[in-house]
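Please open the model in your viewer with the sequence panel beside it. The stops below each give a selection and what is found there.

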Amino acid sequence: MKSISRLIDHIISRVNVNLKPIGRDVENAVRQSIRTDKLTKYYAYYALSIDHPWYFRFQESNLGGTYFLGKCEVDRSVVLMSDIRGDELKPKGAVAYFNGMETELYQDEIIQVVNSFLIKTLVHNHSRNSEIPEYFRILNTVAMHYSNIHGTTTEGAYLGAFSTADLSVLHNCVLGDFAYVQAGDLSRKTIRSGRVWIRKQGEFEFDYAHDPSIIDRFVTYDDEGQLTGLFSDFLKGRRSDFLPMYDSLAFESPVPVPDNAFLSRYAVVKDASSLGDNSLVAQRAYLENAKLGHGSNAQENCFIIDSQLEGLDIIAHGGKLTYTKLGNKVFVGFNSFLHGEKWSGITVGAGTIVMPHTIIDAKEPITIPENFIVWGYVRTQEDLEVHSMSLEDFSQRRVIRLGNLSFKGDGGAFIEGFRDRIEHILLENGAYYDGERSTRGHAQRTQSVSYNLFQPYLAGEEEAMFPAIVVGSR
């Protein structure tokens with residue numbers, strides 16, 4: 001296993017060159033989160049589709065358990081049990097818009113992962129980098145368990161467990177555990193654990209800080225550096241349900257799937273679950289006694305248990321719901337945790353926005369009205385007084401200080417930005433598909449995907465490394 005050992009050393013050195021000047025050393029985080037003796041146990045797989053341009057090149061890497069869709073290149077990286085999803089990569093000739101200006105792409109956009117370590121990480125394109133719109137690049141980056149890199153170019157970055165980098169550009173930055181950032185172009189910034197920071201220069205800034213003691217309960221590490229906490233406990237009891245999904249390429253859906261909907265063969269669906277028209281269930285999603293109404297979706301690493309989604313509901317990457325009822329067109333943000341119990345369920349009214357990295361850990365029944373925005377940490381109905389507001393009231397405010405939330409700027413622009421994004425997601429997912437080709441989205445286009453497997457070397461110096469492979473031509 002000499003090659004894999006050299007590779008891990010190489011990644012650590014490249015990332016530390018970027019991050020040690022700002023006080024971060026990634027060596028312990030990387031070494032404690034990976035067991036090299038297990039790296040031969042997982043195959044990787046890439047998707048071929050007539051609806052998605054494709055090209056794959058992998059060399060000097062380990063890719064165990066990772067899924068690739070779209071045009072992807074991986075060089076000298078460990079990408080372990082991750083999802084590299086390029087279904088919104090822009091084609092040659094497409095026009096990209098940055099700060100009101102437009103530029104035409106001279107070649108198809110491609111995802112590049114170079115000198116990086118990504119473990120159980122979701123990568124989705126939709127880049128915001130005006131400097132290189134042809135490349136969605138993850139360079140010299142370490143991303144820990146269940147983090148999200150969504151539309152964010154990263155160069156010399158560290159993302160803690162359950163963190164999210166969203167629609168930004170990160171140069172030599174650190175995101176703590178369960179931190180969320182969508183703040184444009186950032187350099188040499190450290191975002192502390194549990195911070196939710198959304199900024200649009202000249203328009204608004206939303207800044208919420210979870211109490212550190214709350215983060216310690218939900219995301220922490222044991223004496224050996226292994227991920228623990230309530231989030232990890234929630235997942236551990238259910239991850240084994242995914243193992244049979246990888247035993248065979250044969251797939252028989254456990255529930256009826258409408259002709260205009262999509263259920264990934266790498267998702268888990270249990271008990272009395274059902275899927276409505278134009279719904280979408282992505283790989284590594286988990287449904288148990290879950291009802292997804294028309295146009296609703298469960299994205300990667302979502303868990304929906306004993307819950308009902310009325311319709312057009314969006315559960316962003318990593319969202320988790322138990323004993324929750326969502327009205328029509330509810331948005332549940334990245335890595336949010338809506339944890340009800342049988343006798344303390346959660347009801348969310350239509351049109352409501354649950355902010356990314358929100359925790360609702362109900363110890364009594366909680367009802368959130370229609371057209372509200374909710375953030376932070378909620379346990380009781382009374383907590384909503386300082387952790388929610390009607391969309392109308394928020395839109396009319398320019399300064400808000402409630403508990404650990406600080407907001408300043410144009411509240412109307414902030415809410416309108418979320419509404420625009422919700423519509424973009426619904427359109428891209430095919431939630432409004434009416435039989436016409438122009439309204440097809442991921443739920444319809446991904447139906448024709450085939451999966452192709454490849455495995456690592458099982459012995460010798462190259463053990464655990466995947467062979468160099470090129471599929472397609474650029």
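**Salt bridges, a strand and a helix**

The structure holds 20 salt bridges, a salt bridge being a side-chain nitrogen of Lys or Arg within 4 Å of a carboxyl oxygen of Asp or Glu. This is a predicted model, in which local features need pLDDT of at least 70 and side-chain atom pairs count only at pLDDT 80 or more, while totals for chains, interfaces and linings use all residues. Residues are numbered from 1 along each chain as its sequence is written, and side-chain values use heavy atoms, with hydrogens and water left out.

Select Glu-27 and Arg-31. Their side chains meet in a salt bridge (2.9 Å, N to O). The two residues are four apart in helix α2 (residues 27-32), about one helical turn; helices (H or I, at least four residues) and strands (E, at least two) are DSSP runs, numbered from the N terminus. Arg-31 is partly exposed at 38% relative accessibility, and Glu-27 is partly exposed at 32%. Here buried means under 20% relative accessible area, exposed over 50%, and partly exposed in between (1.4 Å probe, protein chains only).

Next, select Arg-57 and Asp-75, whose side chains form a salt bridge (2.8 Å, N to O). This pair links distant parts of the chain, with Arg-57 in strand β2 (residues 55-59) and Asp-75 in strand β4 (residues 71-75), 18 residues apart. Arg-57 is buried, with a relative accessible area of 19%, and Asp-75 is buried at 7% relative accessibility.

Move to strand β12 (residues 135-143). Seven of its nine residues are buried, so the strand is largely enclosed by the rest of the structure. Show strand β9 (residues 110-114), which pairs with β12 in the parallel sense over five bridges; two strands pair if DSSP finds at least two bridges between them. Val-114 has Leu-139 of β12 as its bridge partner. Strand β14 (residues 153-159) also pairs with β12 in the parallel sense, over five bridges, and Leu-159 in β14 stands opposite Ala-143.

Finally, select helix α4 (residues 230-239). Which of its residues are buried? They are Phe-231, Ser-232, Phe-234 and Leu-235. Seen down the axis of α4, the buried residues fall within an arc of 160 degrees, so they line one face of the helix; the arc is that of the directions from the helix axis to the C-beta atoms. On the other side of α4, Lys-236 and Gly-237 are exposed.
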